[in-house]
Amino acid sequence: MKKLFLLSFFFLSLCLIKSPGMKASDIEHVNPPSWWVGMKLPLQLMVNGPDISSYDVSIKDGDGVKVTGIHKAESPNYLFIDIDIPPTAKAGTYNLVFTKDGKSFEYPYEIAARRPDSSNRGSFTTADLIYLIMPDRFANGDTTNDSTDDTTEKANRNSLGGRHGGDLQGIINNLDYISDLGATAIWNTPLLLDDDPRGSYHGYAASDYYLIDPRFGDNELFKEFVGKAHEKDLKVIMDVVTNHSGTHTYWWSEDLPFQDWIHQFPEYTGSNHANSAILDTNASNLDRTLAEEGWFTPGMADMNLNNPYLLQFFKQWALWWIEFADLDGYRVDTYWYNEKEPMSQWNQAILDEYPNFNIVGETWISQIPAIAYWQKDNNNHDGFNSNLPSVMDFPLLNAANKAFGKPDGEVENNEGQRGHHKNGARELYDVISQDYIYPNINNLLVFTSNHDTDRVGDIVGKDPDRFKAMMVLFATVRGIPQIFSGDEMMFSSVDPKTGHPGLRVDFPGGWEGDTFDFFTDEGRAAADVDFNGEPIKKGMRKELYDFSKNLFQWRKNSDVIHNGKTKHFIPTNDGYGYFRYNDNGTVFVFINTSDTETINVPWSHYSEISSGLGEGTNVLTGEKVTISDDTQVGPMGVLVVEY
């Protein structure tokens with residue numbers, strides 16, 4: 001019996017030796033990874049590690065910083081820890097003490113000092129021109145990270161849908177190009193880790209919300225990029241996705257904190273993509289549920305923002321990147337697919353911390369009232385307030401595609417409608433005439449294209465006159481203009497039928513050995529081949545770039561365009577005339593949307609505002625002009641006059 005006791009004691013001792021308990025290195029994730037003194041949002045850490053829920057937590061020598069609550073998840077491998085940080089707390093590293101069965105280990109956690117006046121930071125406004133970049137397709141500044149050991153998909157520039165190697169260093173190397181063009185803000189499609197085995201270049205299925213994809217760089221390089229952009233007076237807008245994450249690639253995929261962390265169904269259930277179901281007072285519960293909870297794609301797990309721990313996670317994540325990287329704005333992907341009430345709280349949490357911060361939501365909807373529903377302070381039928389400052393003007397894009405679209409109908413725009421419309425001027429007028437529906441018309445994002453829509457070159461049939469007319473419209477209407485990288489030179493897709501991979505073309509000159517370098521005047525002047533291999537007029541790229549640069553640089557310094565009101569007139573033919581005006585000046589814009597007809601400007605018809613406007617300056621040529629009823633504008637011609 002004594003021998004049996006000794007053997008049992010021996011084996012118990014071996015077990016204790018082999019299982020000494022956790023140590024700091026066993027903790028796999030702590031989110032957010034750091035925090036700051038003086039933040040308004042209470043801090044709740046999400047800690048992930050094996051059986052971490054069996055531990056008690058305190059803070060060693062907290063000097064006022066203390067744990068105020070511990071919450072267990074359904075999985076034993078998570079703890080949610082409430083931490084109080086008084087305004088008087090000292091910045092520094094604090095040790096979280098995890099204790100179980102009389103044994104403990106410490107985990108260091110940084111609570112830093114904020115930048116001076118961080119909460120009063122500015123953001124993007126009507127004074128800005130936003131330059132949208134898909135980083136993988138813009139410029140390869142560091143070839144050593146094209147493929148990495150810790151990510152699945154490797155670089156393959158020969159594949160339209162593969163990773164091509166563009167990265168943060170490539171953007172840093174070409175900040176002068178963006179600034180010289182006249183852009184004042186950069187929006188990059190997502191830079192966070194997306195470890196999907198294919199199609200990961202777009203970044204919209206995050207695998208870690210706190211980690212820059214190593215094929216783009218790392219967190220510190222992203223912070224450096226923002227700093228260097230600021231040195232050149234360029235703002236940085238981060239593209240974020242709250243609606244979904246990578247289905248199988250996110251680190252929590254196989255071990256969710258709660259089963260309702262994501263929306264789950266007995267079998268795959270996709271979204272019905274019906275915004276109407278969210279707004280419709282007659283909608284069935286089924287339709288509304290599928291709109292909000294159905295998955296965007298099988299590879300994108302739909303997040304459940306009604307889970308309070310997940311909502312807190314997303315609030316802190318948003319604030320963390322703003323403070324860590326010194327951001328100037330957010331663009332939120334697939335905005336209306338999110339649960340609307342939690343997203344309203346998410347927006348408000350950001351605005352409480354940064355009152356001047358701008359957030360634009362992707363509201364891909366055709367009906368203007370349905371888009372206005374999602375803008376902050378709209379007078380909604382159900383009393384709902386999104387707290388979302390800015391929305392995207394898809395109706396204006398659709399009207400522009402019709403007004404300036406290729407007449408032979410070969411190109412399909414994002415509304416599935418083909419070809420040029422004879423009443424293009426009226427299409428534009430009708431959209432602008434509904435400005436009264438929006439609560440804040442100036443905080444509307446207007447755009448020539450983006451990474452999901454047809455390329456400008458495809459829409460206008462590679463016609464320079466149509467292209468120029470379209471660019472003038474978006475540079476002079478109310479709102480905040482955005483162009484997609486390459487729009488300034490009328491980029492077209494490899495083939496419109498190839499879809500997204502084919503329209504997200506590489507920027508020539510961004511890779512060593514490229515035939516042409518569009519970052520230089522010489523390269524633009526030399527280009528004589530299009531993206532599909534067909535010949536183009538030599539020098540066309542330079543001509544269009546120069547046109548865009550002249551237009552955008554003028555806009556950068558035009559207060560009347562930034563802050564002026566709009567007065568427009570119902571088109572009596574194919575000519576759309578409108579004025580932007582304030583107490584300090586007036587700009588007159590006239591666009592002829594006819595394919596064939598030269599038309600006279602009906603100047604006397606505009607007499608209520610044109611009377612008294614004598615000599616002005618043609619913005620596009622620099623010449624002095626006096627407009628009258630005899631002034632003519634040719635087919636697809638434009639006139640921009642500043643008084």
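This is a predicted model: local features need pLDDT of at least 70, side-chain atom pairs count only at pLDDT 80 or more; totals for chains, interfaces and linings use all residues.
The relative accessibility of Thr-184 is 10%, and because buried means under 20%, Thr-184 counts as buried. When the neighbours within four places in sequence are left aside, the residues in contact with Thr-184 are Ala-127, Asp-128 and Leu-129, then Asp-233, Leu-234 and Lys-235, and also Lys-556. Ile-365, which is 181 residues away from Thr-184 along the chain, has its C-alpha atom 27 Å from that of Thr-184.

A pair of helices can be described next. Helix 7 (residues 308–325) and helix 8 (residues 340–353) have axes that come within 10 Å of each other and cross at roughly 35°, and the crossing is right-handed. On the side of helix 7, the contact is made by Leu-311, Phe-314, Lys-315, Ala-318, Leu-319 and Ile-322, while helix 8 contributes Pro-342, Gln-345, Trp-346, Ala-349, Ile-350 and Glu-353. Sorted by class, the residues of this contact between helix 7 and helix 8 comprise nine nonpolar, one polar and two charged.

The strands are considered in two groups. Strands of a sheet pair through backbone hydrogen bonds, and this pairing is either parallel or antiparallel. Strand 2 runs parallel to strand 8 (residues 103–112), to which two bridges join it, and within strand 8 the bridge partner of Trp-36 is Ala-112.

Strand 21 is joined to strand 22 by a hairpin of six residues, whereas the hairpin formed by strand 22 and strand 23 has two residues between the strands. Individual positions illustrate these pairings, for Lys-565 stands opposite Tyr-581 of strand 22, and Asn-582 stands opposite Gly-585 of strand 23. Strand 22 is also mostly covered, with six of its eight residues buried.

Terms used
Residues are numbered from 1 along each chain as its sequence is written. Side-chain values use heavy atoms; hydrogens and water are left out. Buried means under 20% relative accessible area, exposed over 50%, partly exposed in between (1.4 Å probe, protein chains only). Helices (H or I, at least four residues) and strands (E, at least two) are DSSP runs, numbered from the N terminus. Two strands pair if DSSP finds at least two bridges between them. Contact means heavy atoms within 4.5 Å. Axes are lines fitted to C-alpha atoms, for helices over the stretch in contact, and angles run from 0 to 180 degrees between N-to-C directions. A crossing is left-handed if the near helix is turned anticlockwise from the far one by less than a right angle, and right-handed if clockwise. Ala, Val, Leu, Ile, Met, Phe, Trp, Tyr, Cys and Pro count as nonpolar, Asp, Glu, Lys and Arg as charged, and the others, Gly among them, as polar.
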